[in-house]
Amino acid sequence: MDSDLEQLFTRAAAEGARHRGSVTDRPVHPYPDPGALAEAFGRPLDAGATAPAQVVDELVAAATPGLVGTVGPRYFGFVIGGSSPAATTADLLATGWDQCAYSEVLSPSAAAAERAAATWVRQLLGLPTTASVGFVTGAQAANTVGLAVGRQRVLADVGWDVARDGLFGAPHVAIVAGDERHATIDRAARLLGFGTASIVPVASGAQGAIDLDQLAVTLDAVAGRPVVVCLQAGNVNTGACDDLRAAIPLAREHGAWVHVDGAFGLWAAASPRTAHLVDGLDLADSWGVDAHKWLNVPYDCGLAICADAALHASTMSYAASYLTGSGASSDCILGDLTPESSRRARGFAVWAALRELGTDGVADLVDRSCALARRMAERLSAGGATIHNDVVLNQVLVSVGDPACTDAVIERVQRDGTCWVGGTTWHGLRLIRISISNATTTEADIDVSADAILRAAVAP
Ligand SMILES: *Cc1c(COP(=O)(O)O)cnc(C)c1O
């Protein structure tokens, strides 16, 4: 073994561990001087080589001032998740091994890990055992895959081969989706050639879940057209989930393809306490879910899942002469399920995260996050804040004082450094948006963070 390389790898592991081990000692966000960061990285590119050890020294020195404590327990912005010890180490190994996960021939181990992890994911989420799982970069990619496979199916149903003939002259597909859909659905619609004008929005109820009566009205209005319905498990603001048990059969009656965007919310299925929120999810045709958010797998990793594995593979696969015979499996190769060709071996980290937690551990991660979200809401509410959503999952929407001042409050919270929260606009009000999705967050973290938020509301 090249001892220099071993030293470099050891150095990287130690730096990563140091960052994580000291994350609670620093402000959650460092707010570095952007000019200084740009300068630290921005030297002219030399003509000559630089020794790897020096490159790593320079990288660590340049990057350290701008690293955000997203792996820490008090980062509540967006829906970020953490990264568990085993999953993070597995991801370091994936880097060291540098396997390409395209097929079993390129990496038998990467493929076997993906297949095993896929089996565990189907079991945890209660998905059909025959569903195909593509390991993609995140829910954006997963939603795009789900809509692509749906496009193939609903157009084939009316005699149109979109893979060959494209969308020019094709029957006009309707993408029926809640007006609270995630913006990645719109981007998928743009990239797939539908255009955002093909999206027929459906009104949502007070908590942001799709209104079933309005869904029925909309489906009637688009009757006769090929239809893809996008439902949601886990609204990014409120955590609300669409009533899948009712909505999916309704969509099915209209011949629609049903995709569920469950980037973080689909994991509710893994706990007996929250599974009712996503009851019926197994009835859908395709699902998008992230591993890098609530499952606490390192960035980046999402899963594009499809009930019709053969259609999934035939929609996404490609052929080339040099690939002939490079598949080793009876069904499909894993590269047939993703938009990427060459691909990082993400299965190692997902396998490790699930192996580390076990089924009870995944349920506990979900339950603890939800309990901590309720605790956050209770502490803030007791301190005079207003909670704007039913805290059914891991998301809390809150205002402290006049919502017109929310952005100023958020800025003070962020600068204080105890925790990091972002803002959102919900039903016309500027609100603080809190997401609990890191496995290391404790009750004490919630309490000091709630205090920091309440403190920030009292203008200095
Ligand atoms: C985060 C999120 C996405 C996008 O996921 P990425 O992992 O960022 O690609 C899509 N839908 C929902 C509901 C999300 O929360």
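This is a predicted model: local features need pLDDT of at least 70, side-chain atom pairs count only at pLDDT 80 or more; totals for chains, interfaces and linings use all residues.
Which strand gives the most to the lining of the largest cavity? That would be β4, running over residues 227–232, with three residues.

## The largest pocket

Now for the pocket with the biggest volume, the largest pocket, at about 1,600 Å³. There are 50 residues lining it, and the ones closest to its centre are Ala 12, Gly 16, Ala 17, Arg 20 and Leu 92.

At least two lining residues come from each of α1 (3–21), α3, α4 and α12 (347–382). Helix α1 gives the most, with eleven residues. Sorted by class, the lining of the largest pocket has 27 nonpolar residues, 17 polar ones and six charged ones.

## Around the ligand

How many residues surround the ligand? The count is 15, and the closest of them are Gln 140, Asp 261, Asp 290, His 292 and Lys 293. Helix α6 (residues 139–157) provides the largest share of this shell, namely three residues. By class, the shell splits into four nonpolar, eight polar and three charged residues.

Zoom in and you can pick out some polar atoms facing oxygen atoms of the ligand. Asp 290 has a polar side-chain atom 2.7 Å from a ligand oxygen. For Lys 293, a polar side-chain atom sits 2.9 Å from an oxygen atom of the ligand. Ala 139 takes part through its backbone instead: one of its polar backbone atoms is 3.1 Å from a ligand oxygen. As for cover, the ligand taken alone exposes 380 Å², and the protein buries 84% of that.

## Rings that pair up

Aromatic rings are worth a look too, and the structure holds six aromatic pairs. To describe such a pair, you give the distance of the ring centres and the angle of the planes. Take Tyr 75 and Trp 420: their rings are 5.2 Å apart centre to centre, with 5° between the planes, and the pair counts as stacked.

Where in the chain do Tyr 75 and Trp 420 come from? Tyr 75 belongs to the loop between α3 (52–63) and α4 (85–97), while Trp 420 belongs to the loop between α13 (406–416) and β10 (422–426). The two are 345 residues apart, and the pair links distant parts of the chain.

Finally, have a look at the loop between β6 (286–290) and β7 (302–306), where you'll find Asp 300. A cis peptide bond joins Tyr 299 to Asp 300, with omega at about -5°.

Asn 296 is in the loop between β6 and β7 as well. What is the phi of Asn 296? It is positive, at about 60°, even though Asn 296 is not a glycine.

Key. Residues are numbered from 1 along each chain as its sequence is written. Side-chain values use heavy atoms; hydrogens and water are left out. Helices (H or I, at least four residues) and strands (E, at least two) are DSSP runs, numbered from the N terminus. A residue is near a molecule or strand if one of its heavy atoms lies within 4 Å of it. A polar contact is a pair of N or O atoms within 3.5 Å; within protein, one must be able to donate a hydrogen and the other to accept it, and residues adjacent in sequence count only if both atoms are side-chain atoms. Accessible areas come from the Shrake-Rupley method with a 1.4 Å probe; for residues, only the protein chains shown count as cover. Ala, Val, Leu, Ile, Met, Phe, Trp, Tyr, Cys and Pro count as nonpolar, Asp, Glu, Lys and Arg as charged, and the others, Gly among them, as polar. Rings of Phe, Tyr and Trp (its six-membered ring) pair if their centres lie within 6.5 Å; planes under 30 degrees apart count as stacked, over 60 as edge-to-face and the rest as tilted. On a 1 Å grid over the protein atoms alone, a cavity is a set of points where a 1.4 Å probe fits but cannot get out, and a pocket is an open set with protein on both sides within 12 Å along at least five of seven lines; lining residues have an atom within 4 Å of a point. Grid points are joined across faces, edges and corners, and a volume is the space filled by probe spheres set on the points.
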